[in-house]
Each structure stands twice: as structure tokens, then as C-alpha cells.
Amino acid sequence: MLESSFDVTAYSKQALQGCAFTPSTGKKFMTVNKSVDERRDPIRASEAAARLLKNNYDRLGDWPMAVTAYNHG
């Protein structure tokens with residue numbers, strides 16, 4: 001919400017869309033190709049964001065670090 005104000009067409013100079021997923025990170029957690037870009041789907045992007053945060057937590061063992069890793073790629 002802070003970055004896109006829920007505008008599913010919003011994007012950044014770094015090609016971030018949805019829950020601030022780059023194309024390469026998005027492909028790890030959802031479908032991103034020429035025909036479908038689930039980063040623009042608020043439900044799919046939110047589910048992917050939760051999986052990425054959990055993945056970060058599993059690797060780092062600390063929620064503040066998991067969130068920091070999410071925000072810094």
C-alpha cells in the first residue's frame with residue numbers, strides 16, 4: 001500500500017510490481033512471463049510475499065532481519 005496505493009498497474013524504475021517483486025524474484029514465487037504476470041494480482045502477490053518472508057525467516061531465524069532482507073532484496 002505504501003509504495004503503490006493498491007494501484008495494480010504501478011511499477012518502478014527497477015521494474016518492481018505488485019508487492020515490490022522484481023521479475024526474477026517474482027518468478028521464484030509465482031507465474032511471471034510474457035502472457036501472465038501474477039505480480040499484478042493482489043492475492044497472488046500477497047501470498048508470494050508471505051512465502052518470501054517465511055523463506056527469509058527460515059534462513060535468518062529472525063523476523064526483523066527477514067523483513068530487512070525482503071526490503072533490500
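**Entry 1**

I began with helix α2, residues 42-60, which has 19 residues and reaches 26 Å from its first C-alpha to its last, close to the 27 Å expected at 1.5 Å a residue. The expected span is 1.5 Å times one less than the number of residues, and helices here are DSSP runs of H or I with at least four residues, numbered from the N terminus, while strands are runs of E with at least two.

Before going further I noted that this is a predicted model, in which local features need pLDDT of at least 70 and side-chain atom pairs count only at pLDDT 80 or more, whereas totals for chains, interfaces and linings use all residues. I also noted that residues are numbered from 1 along each chain as its sequence is written, and that side-chain values use heavy atoms, with hydrogens and water left out.

Which residues of α2 are buried? I found Ala45, Ala48, Ala49, Leu52 and Asn56, where buried means under 20% relative accessible area, exposed over 50%, and partly exposed in between, with a 1.4 Å probe and protein chains only. These residues lie on the same side of α2 because they cover an arc of only 105° around the axis, the arc being that of the directions from the helix axis to the C-beta atoms. An α-helix has 3.6 residues a turn, so residues three or four places apart point the same way. On the other side of α2 I found Ile43 and Asp58 exposed. The cover over the buried residues of α2 includes α1 (23-29) and α3 (63-72).

**Entry 1: the ends of α2**

At the start of α2, I saw a side-chain oxygen of Asp41 reach to within 2.8 Å of the backbone nitrogen of Ile43. Just after the helix, Gly61 takes a positive phi of about 70°.

I then looked up the largest nonpolar core, which has eight residues: Phe21, Phe29, Met30, Val32, Ala48, Ala49, Leu52 and Tyr70. Such a core is a set of buried Ala, Val, Leu, Ile, Met, Phe, Trp, Tyr and Cys residues joined through side-chain atoms within 4.5 Å. With three residues, α2 gives the most to this core.

For the chain, I counted three helices and zero strands, in the pattern α-α-α along the sequence. Buried residues make up 21% of its 73 residues.

Leaving aside neighbours within four places in sequence, I found Glu38 in contact (heavy atoms within 4.5 Å) with Met30, Thr31, Arg44 and Ala45.

Arg39 is found in this loop between α1 and α2 as well, and at 5% relative accessibility Arg39 counts as buried. A polar contact of 2.8 Å joins the side chains of Arg39 and Asp37; such a contact is a pair of N or O atoms within 3.5 Å, where within protein one must be able to donate a hydrogen and the other to accept it, and residues adjacent in sequence count only if both atoms are side-chain atoms.

Lys28 has its place in helix α1 and, at 66% relative accessibility, counts as exposed.

Val67 is found in helix α3 and counts as partly exposed, at 39% relative accessibility. Val67 and Lys54 are 13 residues apart in sequence and 9.6 Å apart in space, C-alpha to C-alpha.
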